[in-house]
Amino acid sequence: MTGRLGVLEAGWWGERSGSFTESCDVVIVGSGAGGAFVALTLAEAGLDVLLLEEGFHHGADTFSPDTSTSIEQLFQEGGLRTALGRPPMPVAGGKALGGSTVINSAISFRTPEDVLAEWNEVSGGAFEDAEHYYRTMDAVEAIVSVGVTPDRLLSGYDRVHKEAANALGWSNHNFRRNTPRCAGCGRCNNGCPVHGKASVDVAVLPRAARAGCRVITGASVLNVAPNRVEGVVVGRDRAELGTFTVDAKQAVVLSAGAVASPRLLLNSELAPGGGEVGAGLLVHPVFTLYSFFEELVVAAPGSSQGHYVDEFAADRMLFESNPTIPGAIFPGTPWWGKDAWNYIGKGSNWASTGVMVRDESPGRISASSGAGAKIEYDIGAADRDRAILGMTRAAEMWLQGAEATLVTLNVYGAPACSTVDEVRAVLKDVPFGRLIGYSSHPQASCSVGRACRPDGEVIGADGVYVIDASSLPLNVGRNPQISVMTVARVLAERLATKLGGSVQPLWQGGELYSVPQAGVACGLTLPADAP
Amino acid sequence: MTDAPPPDDTIVLSRRAVLVLGAAATGVLAAAYAGLRQVGSYPEPPPTLTDLRVLTDKEVAIFRRLGDFLLPPGGPLPGSGGDDETIRRMDLFYAGMPDHKRQLSRGLPLAFEHGTTLDRFGARCMTAMPEERCVDYLESWADAKIIVKSQLWTALKTFYGMTYFERPEVLAAMGFAVPCGRPT
């Protein structure tokens with residue numbers, strides 16, 4: 001079975017074994033949600049495009065089911081990238097051909113209309129044509145096969161999340177996800193083992209390659225200049241194999257994500273934009289509540305994340321059902337020794353909610369000569385209050401809506417709570433530094449209108465562009481992949497036109513997504529009524 | 001004419017100088033005492049653990065002790081936090097870190113091993129403590145009012161979460177099917 005867009009074509013990407021020099025019209029650094037759509041747009045516009053990716057291609061048969069191995073292989077800085085501040089916070093990001101789309105839960109939100117209007121205002125009119133933006137988003141969603149997660153693919157913890165919200169009468173939905181061949185094994189974050197997810201390495205980059213885009217993996221860019229990038233060639237074992245130089249006649253586009261793109265600019269001393277490069281970073285922090293039940297809740301496998309509550313979206317909060325991972329629950333609970341066995345030993349009796357806060361207190365990416373990124377982020381008072389309100393509401397959901405036995409809070413040193421009053425007492429006046437947050441959605445660190453022009457060109461660095469999650473003017477307040485893809489396409493259309501290219505339609509019809517053996521693996525098969 | 005008196009080479013110390021020197025000497029002796037109390041010898045890992053890639057004998061000993069307190073043998077799940085398989089996974093976890101993160105993370109077991117000095121002056125290092133005192137000591141980390149201590153305690157538990165709780169037989173015992181049945 002083959003199709004137009006998603007067929008795996010071995011050889012459309014390349015790994016180099018030693019030093020090399022290349023030239024092109026446009027070099028793109030990074031192959032995630034942003035870089036893939038920039039590559040597709042520019043290559044189909046007739047430009048000679050070279051895409052460099054620090055990570056590697058991974059097929060369905062090479063993803064490890066072991067979480068720690070996956071994190072080491074597929075996450076930036078081995079999953080240990082951390083923002084320093086109050087509180088210190090891990091900041092996740094993908095490092096693979098396909099970037100974070102390879103390791104996300106495939107959650108696909110549209111950009112809310114009020115958010116787009118806000119973006120347009122703060123960017124000085126860069127998103128004025130809302131109709132074109134949403135038409136583009138329609139095409140993006142078609143290409144990566146977004147659809148609503150059916151109830152049959154909700155996991156046990158998704159189902160109890162849904163029942164709890166319904167019991168309280170709160171607005172809730174199954175996630176829209178780009179998983180057209182989901183087998184429900186819950187392993188999205190380790191890399192989909194059945195090609196069930198239409199990540200950009202499956203659904204977008206092969207089409208870009210067919211249009212002539214060259215793709216080189218294992219290429220770690222260290223220095224950027226107008227019309228040139230330099231770096232080192234790395235092997236899968238992380239050994240340095242050589243150096244490379246790429247001369248780009250027309251443009252250098254950074255699509256390495258909201259941490260790495262500004263960091264590259266700053267390390268290369270290419271950020272004269274009034275200190276705006278790296279500033280404005282928003283991390284969309286999540287604060288997790290774990291809930292323990294006397295009975296089993298993870299009896300049924302399913303999607304890694306299938307359900308969310310948007311009752312408090314107007315208050316800048318979403319509650320997302322999180323996968324039950326015992327190794328993640330253990331540090332989030334107060335127990336150790338025999339007490340740990342009593343609760344964590346019953347790993348299948350847990351469910352959890354991530355309280356995601358649409359934050360507005362910006363952090364900063366700074367230059368850092370060492371191997372790690374320098375990320376500074378303090379949660380602001382208003383965002384802290386949202387986190388506390390959100391955790392309190394989520395505790396209500398679990399304790400009153402689902403009759404959980406107890407909940408544990410993402411607060412250092414907090415006891416488990418069996419009533420909402422206990423939760424309120426723990427959270428009352430909790431110091432900023434005691435919150436335990438996590439970020440998977442850094443964004444807005446090199447935003448259009450502040451650090452960049454409407455086509456992504458960095459103000460003060462002619463010929464150098466940033467087009468990725470950094471470009472968002474403010475936090476989109478949702479899992480951002482579809483917004484990043486759409487913004488990337490819109491900016492790339494402007495860039496292609498500026499460079500003399502002829503922009504081709506994004507949506508070209510035909511069969512969208514088809515991978516041999518997709519959705520079938522290791523005894524897990526598609527449900528009978530699967531499309 | 002009389003001869004000039006021979007030069008007096010006696011050093012006269014003021015009371016303040018005596019106090020300062022006395023305090024300094026006491027401090028040096030106390031630090032030396034505390035330091036010597038922290039010196040421990042660490043056994044070589046058993047032959048079942050000769051294939052470790054990065055963990056030192058000392059780190060293995062510390063992680064064994066911590067692991068057996070956090071997730072002791074005899075629980076409802078297979079193995080323990082301090083057994084060979086968890087240590088092997090801890091070694092792989094460290095080996096997989098980027099170099100700069102590994103250097104930083106090596107401080108974590110040392111903080112617990114030698115944190116006894118700050119916690120209670122003159123105490124032995126953690127691996128040399130009797131069990132009851134060690135439980136008492138680790139409870140001081142679990143209930144810490146100092147945020148940094150709480151953060152390190154949580155980081156430690158995260159490391160065991162990434163190792164012990166990733167063992168396929170542990171996941172299977174909790175009712176989680178090993179995804180797709182592939183070897184890890």
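Me: Taking contacts in chain B between residues at least 6 apart in sequence, what share join residues at least 24 apart?
Reply: That share is 56%. Keep in mind that this is a predicted model.

Me: How many helices and strands does chain B have?
Reply: Chain B has nine helices and zero strands. Reading from the N terminus, the elements go α-α-α-α-α-α-α-α-α.

Me: And what percentage of chain B counts as buried?
Reply: 30% of the 184 residues of chain B count as buried.

Me: Let's pick a helix pair. At what angle do α2 and α3 of chain B pack?
Reply: The angle is about 125 degrees, and the axes are 10 Å apart. In chain B, helix α2 covers residues 57-70 and helix α3 covers residues 84-95. Angles over 145 degrees would count as roughly antiparallel and 65 to 115 as roughly perpendicular, so α2(B) and α3(B) come out as oblique to each other.

Me: Is that crossing left-handed or right-handed?
Reply: The crossing of α2(B) and α3(B) is right-handed.

Me: Which residues make the contact?
Reply: From α2(B) you get V60(B), F63(B), R64(B) and G67(B), while α3(B) brings T86(B), I87(B) and M90(B). By class, the residues of this contact split into four nonpolar, two polar and one charged.

Me: Why would residues three or four places apart on a helix point the same way?
Reply: An α-helix has 3.6 residues a turn, so residues with that spacing point the same way.

Me: Over to chain A now. How many residues of its helix α2 are buried?
Reply: Seven of the eight, so to speak: helix α2 of chain A, residues 67-74, is mostly covered. The buried ones are T67(A), S68(A), S70(A), I71(A), E72(A), Q73(A) and L74(A).

Me: What do those buried residues pack against?
Reply: The buried residues of α2(A) pack against α9 of chain A, which is 326-329, together with α3 of chain B.

Me: New topic: where are the domains in chain A?
Reply: The domain assignment gives domain 1 as 1-78 + 94-143 + 181-281 + 444-531. Domain 2 of chain A is 150-177 + 284-358 + 380-434. Taken over C-alpha atoms, 31 Å separate the centres of the two domains.

Me: How many residues are in contact between them?
Reply: 15 residues of domain 1 of chain A are in contact with 17 residues of domain 2 of chain A. The side of domain 1 that touches domain 2 has six nonpolar, eight polar and one charged residues.

How values were computed: Residues are numbered from 1 along each chain as its sequence is written. Chains are lettered from A and ligands numbered from 1 in the order in which they are written. This is a predicted model: local features need pLDDT of at least 70, side-chain atom pairs count only at pLDDT 80 or more; totals for chains, interfaces and linings use all residues. Domain bounds come from an automatic or database domain assignment. Two residues are in contact if their C-beta atoms, placed from the backbone, lie within 7 Å. Ala, Val, Leu, Ile, Met, Phe, Trp, Tyr, Cys and Pro count as nonpolar, Asp, Glu, Lys and Arg as charged, and the others, Gly among them, as polar. Helices (H or I, at least four residues) and strands (E, at least two) are DSSP runs, numbered from the N terminus. A residue is buried if 20 or more other C-beta atoms lie within 10 Å of its own, exposed if 12 or fewer, and partly exposed in between; C-beta atoms are placed from the backbone. Axes are lines fitted to C-alpha atoms, for helices over the stretch in contact, and angles run from 0 to 180 degrees between N-to-C directions. Angles under 35 degrees count as roughly parallel, over 145 as roughly antiparallel, 65 to 115 as roughly perpendicular and the rest as oblique. A crossing is left-handed if the near helix is turned anticlockwise from the far one by less than a right angle, and right-handed if clockwise.
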